[in-house]
Amino acid sequence: MGLFKRASKSESPAQGVDPADLSTLLLQGEDVIDQLARAHVSWGLGSADRWGLDQRTGLITWTFPEKTATAPAQILASFSPSSGSWLWAWANESILPEMSRDARTVRDWAEAHGHHALTQPKVDADEQAAATLAALAVRITRATGFYRGPGNNSVAIITFGPVTLTAADGSTSTFSINID
């Protein structure tokens, strides 16, 4: 896909050897997302009655009939299938700066490695391009959780950390994944 052409050395002289081949990162990111999905389904990811994200606390919450699950979260981007666009969180005025740390990590990594397409605030994207961007971002940030938060007009692309499960009786447990 032309969107992810690497800059030539003359365009980024400070670059040096690039250990980050996008096609390899993409495959790794897709694999990580699959592994995360399989692991997180064990506590119910994808089956909650509702979800919400509080930017002030930085927590995402999933609500189930018998429990809640919360985790520290970051917003990578918003994807709008209807307009065919991907907007990085760091470029979205409605997202608090502390909630776009992972998105800035991707942008900074892309700048350092000459992948200028990943530094654009808004990108034309269909479902496949959005999946590609998400996989690259998950791999670059080494995220331990990934969620596509459905909304009315767009999908919030979210990474998250260790999940605290709180049962109806108030007991808690933690679900976490280590990415090596």
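Me: How many aromatic pairs does the structure hold?
Reply: This is a predicted model. Ring pairs link W43, W51, W62, F64, Y147 and F160 into a cluster. In the structure, the number of aromatic pairs is six.

Me: Is the pair of W51 and Y147 stacked or edge-to-face?
Reply: A pair of aromatic rings is described by the distance of the centres and the angle of the planes. For W51 and Y147 the centres are 5.4 Å apart and the planes stand at 75 degrees. Planes over 60 degrees apart count as edge-to-face, so the pair of W51 and Y147 is edge-to-face.

Me: How many residues apart in sequence are the parts that W51 and Y147 tie together?
Reply: W51 belongs to strand β1. Y147 belongs to strand β6, so the pair ties together parts whose separation in sequence is 96 residues.

Me: Is W51 buried or partly exposed?
Reply: The relative accessible area of W51 is 27%. Buried means under 20% and exposed means over 50%, with partly exposed in between. W51 therefore counts as partly exposed.

Me: Is Y147 buried or exposed?
Reply: Y147 has a relative accessibility of 12%. The cut-off for buried is under 20%, so Y147 is buried.

Me: What is the angle between the planes of W62 and Y147?
Reply: W62 and Y147 form an edge-to-face aromatic pair, 5.4 Å centre to centre. W62 lies in strand β2 and Y147 in strand β6, so this pair ties together parts 85 residues apart in sequence. W62 is buried, with a relative accessible area of 1%. The angle between the planes of W62 and Y147 is 90 degrees.

Me: Which residue of β2 is the bridge partner of G52?
Reply: Strand β1 covers residues 50–54 and strand β2 covers residues 59–63. The two strands pair in the antiparallel sense over five bridges. They form a hairpin with four residues between them, and G58 in the turn has a positive phi of about 75 degrees. In β2, the bridge partner of G52 is T61.

Me: Which residue of β3 is the bridge partner of L59?
Reply: β2 and strand β3 (residues 67–80) run antiparallel and are joined by five bridges. A hairpin leads from β2 to β3 through three residues. In β3, L59 has as its bridge partner P72.

Me: Is T63 buried or exposed?
Reply: T63 is in strand β2. Leaving aside neighbours within four places in sequence, T63 is in contact with A48, D49, R50 and T68. Its relative accessible area is 16%, and the cut-off is under 20%, so T63 is buried.

Me: How far apart in space are S85 and D124, C-alpha to C-alpha?
Reply: S85 lies in strand β4 (residues 85–88) and is buried, with a relative accessible area of 8%. Not counting residues up to four places away in sequence, S85 touches S78, F79, S80, K122, V123 and A125. S85 and D124 are 39 residues apart in sequence, and their C-alpha to C-alpha distance is 4.5 Å.

Notes
Residues numbered from 1 in each chain as written. Predicted model: local features only at pLDDT ≥ 70, side-chain atom pairs only at ≥ 80, totals over all residues. Heavy atoms only, no water. Pairing = 2+ DSSP bridges. Buried < 20%, exposed > 50% of the residue type's maximum accessible area, 1.4 Å probe, protein only. Contact = heavy atoms within 4.5 Å. Phe/Tyr/Trp six-rings, centres within 6.5 Å; stacked < 30°, edge-to-face > 60°.
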